[in-house]
Amino acid sequence: IGMMKVTEVRFRDIQLLVTTWQKQGLSPYSIRNQVNTLNPMFEMAIRDKIILMNPVKGVKLPRPIRREPRVLSPAECKSLLANIDQNYRAIIHIGLATGMRFDELANLLIRDVNLFTKEISVVASKTDAGIRVVGIESVDVEVIASHLISIGRTGASPDAHVFTSPEGAALNYFNFMRRIFRPARLGPDMQDVTFHALRRTHATMLIEAGIDLKVILKRMGQTSYETLYRHYVAPTINGQRKASTAMSAYLNVSELELSTTV
């Protein structure tokens, strides 16, 4: 807006600003976020009786581009596990096996992992729903146990972190992504994979396995079915194949039997 005073800004100025941002290549989400930053400023000016109307109201914003959540295929999961630095393979494995967020894994303490009951207690999460207990299977127990042995930690150090750097330092997301995660994304098709894609992949695994939705919400630390489907679950090849045979499965007949009845 430049040096314009709050009282000078009009609807057309905000709309022109949005158009300029579009021409500069800003994404619809970035534009929406910036306009949402302006809105409360003008609302405050109205409450202070500096202006009568909010020039942001009614501004036409670009529609966000709807993209399917990025989910790793089975081959991509194996590739990532094979190519990641072996010191960090366990955190990738558990990320895929539990759907836990990076911060939840980075803050995980040895006291939070019960290898006997095969449960992980998430006690440090960004949401209340994120405080949960996540079940794991025997192979996950072996991965965690082997990882702890390799770094010289046991249950005698309950307040120690499960996942750290080889030197024992706490994990920093940006350093981890730059130094460890991104170099392991081999091939052009994996360059858009983020750590959060592991969480989305786990949610998609659960859906494809036919797990009850209430169980999935609890396991993922979510409360909204809409959020789960919009941001975490993507169609899979196996899912498409199952859909293509839905009629024969429903009628409990073979494809050959079905074709003879048409």
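**View 1. The lining of the largest cavity divides into two nonpolar, four polar and no charged residues.** Here Ala, Val, Leu, Ile, Met, Phe, Trp, Tyr, Cys and Pro count as nonpolar, Asp, Glu, Lys and Arg as charged, and the others, Gly among them, as polar. The model is predicted, with local features needing pLDDT of at least 70 and side-chain atom pairs counting only at pLDDT 80 or more, while totals for chains, interfaces and linings use all residues. Residues are numbered from 1 along each chain as its sequence is written, and side-chain values use heavy atoms, without hydrogens and water. The lining consists of Asn 87, His 147, Ile 151, Thr 164, Ser 165 and Pro 166; lining residues have an atom within 4 Å of a cavity point, and a cavity is a set of points on a 1 Å grid over the protein atoms alone where a 1.4 Å probe fits but cannot get out. The largest cavity holds about 40 Å³ of space, and a search of the whole structure finds one cavity of 30 Å³ or more.

**View 2. Three strands make an open, antiparallel sheet in the order β1-β2-β3.** Edge positions belong to β1 (113-114) and β3 (132-135), each with a single partner strand, so one side of each has no neighbour in the sheet. Strands are DSSP runs of E of at least two residues, and two of them pair if DSSP finds at least two bridges between them. β1 is joined by two bridges to β2 (residues 119-122), and the two run antiparallel. Asn 114 lies opposite Glu 119 in β2.

**View 3. Helix α8 (residues 196-208) packs against helix α9 (residues 213-220) at about 160°, with the axes 10 Å apart.** α8 is therefore roughly antiparallel to α9, a term for angles over 145 degrees. Helices are DSSP runs of H or I of at least four residues. Axes are lines fitted to C-alpha atoms over the stretch in contact, and angles run from 0 to 180 degrees between N-to-C directions. α8 and α9 cross in a right-handed sense.

Terms used:
On a 1 Å grid over the protein atoms alone, a cavity is a set of points where a 1.4 Å probe fits but cannot get out, and a pocket is an open set with protein on both sides within 12 Å along at least five of seven lines; lining residues have an atom within 4 Å of a point. Grid points are joined across faces, edges and corners, and a volume is the space filled by probe spheres set on the points. Angles under 35 degrees count as roughly parallel, over 145 as roughly antiparallel, 65 to 115 as roughly perpendicular and the rest as oblique. A crossing is left-handed if the near helix is turned anticlockwise from the far one by less than a right angle, and right-handed if clockwise.
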